[in-house]
Amino acid sequence: MLDIYMGKDIKLSANQLKELEEILARLQKHEPIQYVLGFTEFYGLHFHVTPSVLIPRPETEELVSLIIQENLGCSSRILDIGSGSGCIAISLSHYLPLAEVHSWDVSSEALQIAMKNNARLETSVLFQQINVLEYQPKDEKFDVIVSNPPYVTVSEKEEMEANVLEWEPHLALFVPDEDPLLFYRRIAEKGLQMLTDDGKLYFEINQAFGKETTHLLESIGYREVNIIKDLSGKDRIVKAIR
Ligand SMILES: C[S@@+](CC[C@H](N)C(=O)[O-])C[C@H]1O[C@@H](n2cnc3c(N)ncnc32)[C@H](O)[C@@H]1O
């Protein structure tokens, strides 16, 4: 570091120079630094990420933090819907070692990354390829269901930066304008069958739909429905009890 401050030349080999040029070319095309590095940090853990998975966001760390605080020491069965990199499920498995954590995603590419992270971080999440929109609940019950589903409406595309729009998987991001609560409704309806009595439902939400999501859950029959704001003061989490 001192050499840089003192203006001394750093000699790079031909290979290092080539590597540096390739990295710069990727960054110039707005590729997120996390994909270039192949890693990101989430809740104190290192996650491998590629353009097949959403880059985990700090708001999602707040969701994970809440679930950990409220379920410490419990041997709960937890289901995470929409695995992505596995950040939610793997963090819960790591910090709630007594819990049995399941996680579903429709994308086989995302699941490959999530399973790699599960092996690297030595957690024991049970991943499955399931399309939650088509899933018919069976007999199995969960104490906690958590989901950070796709929640950006197509019309919000215009406000998005190129690094997100051109690089992150659209399957992870977008819902139709005409049905922005699609995933919340389907998961909540199935949750009535899949959650134990007093089971907890946690959703990360689009800040624009806090009230609508609350009304939806109350109308389906959930109780103690609460909105929790994120650190920027935006409606970000909805929690409900079956
Ligand atoms: C917003 S990302 C969340 C990823 C990760 N949990 C996180 O917080 O970073 C939503 C995830 O839901 C998955 N997904 C989209 N449609 C789905 C469906 N019908 N059934 C199951 N998963 C789906 C996407 O592939 C994506 O990985």
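Predicted model: local features only at pLDDT ≥ 70, side-chain atom pairs only at ≥ 80, totals over all residues.
Q: What order do the strands of the open sheet have?
A: The sheet has seven strands in the order E5-E4-E3-E6-E9-E11-E10, and their pairing is mixed.

Q: Which strands stand at the edges, and why is one side of each left without a neighbour?
A: Strand E5 (126-129) and strand E10 (223-229) are at the edges. Each has a single partner strand, so one side of each has no neighbour in the sheet.

Q: And by how many degrees are neighbouring strands turned against each other?
A: On average by 15 degrees, with direction ignored.

Q: How do E3 and E4 pair?
A: Strand E3 (residues 77-81) pairs with E4 in the parallel sense, over five bridges. Isoleucine 78 has valine 101 in E4 as its bridge partner.

Q: What else is isoleucine 78 in contact with, leaving aside neighbours within four places in sequence?
A: Its contacts include Leu92, Ala99, His102, Phe142 and Val144. Ile78 is also among the residues with the most contacts inside the largest nonpolar core, together with Leu92, Ile145 and Leu201. That core has 51 residues. In soluble globular proteins, nonpolar side chains tend to be buried together.

Q: Which strands does H5 lie across?
A: Helix H5 lies across E3, E4 and strand E6 (142-147), and runs at about 175 degrees to E4.

Q: Turning to the ligand, which residues are closest?
A: They are Gly82, Gly84, Val106, Asn148 and Ala172, out of 22 residues that surround the ligand. Helix H5 (87-95), strand E4 (100-105) and helix H8 (170-173) each give two or more residues to this shell.

Q: How does the shell divide by class?
A: It has 13 nonpolar, eight polar and one charged residues.

Q: Back to the sheet: how is E11 joined to E9 and to E10?
A: Strand E9 (residues 195-204) and E11 pair in the antiparallel sense over five bridges, with glutamate 204 opposite isoleucine 237. E10 and E11 also run antiparallel, joined by five bridges, and lysine 229 has aspartate 235 as its bridge partner. In the hairpin of E10 and E11, glycine 233 takes a positive phi near 80 degrees.

Q: Is E11 mostly covered or exposed?
A: Strand E11 (residues 235-241) is mostly covered, with five of its seven residues buried.

Q: Finally, where is histidine 30?
A: Histidine 30 is in the loop between helix H2 (14-28) and helix H3 (33-37). Histidine 30 counts as partly exposed because 13 other C-beta atoms lie within 10 Å.

Conventions
Residues numbered from 1 in each chain as written. Near = placed C-beta within 6 Å. Helix = DSSP H or I, 4+ residues; strand = E, 2+ residues; numbered from the N terminus. Nonpolar A, V, L, I, M, F, W, Y, C, P; charged D, E, K, R; others polar. Core = buried A, V, L, I, M, F, W, Y, C linked by C-beta atoms within 7 Å. Buried ≥ 20, exposed ≤ 12 C-beta atoms within 10 Å, placed from the backbone. Contact = placed C-beta atoms within 7 Å. Pairing = 2+ DSSP bridges. Axes fitted to C-alpha atoms, helices over the stretch in contact; angles between N-to-C directions.
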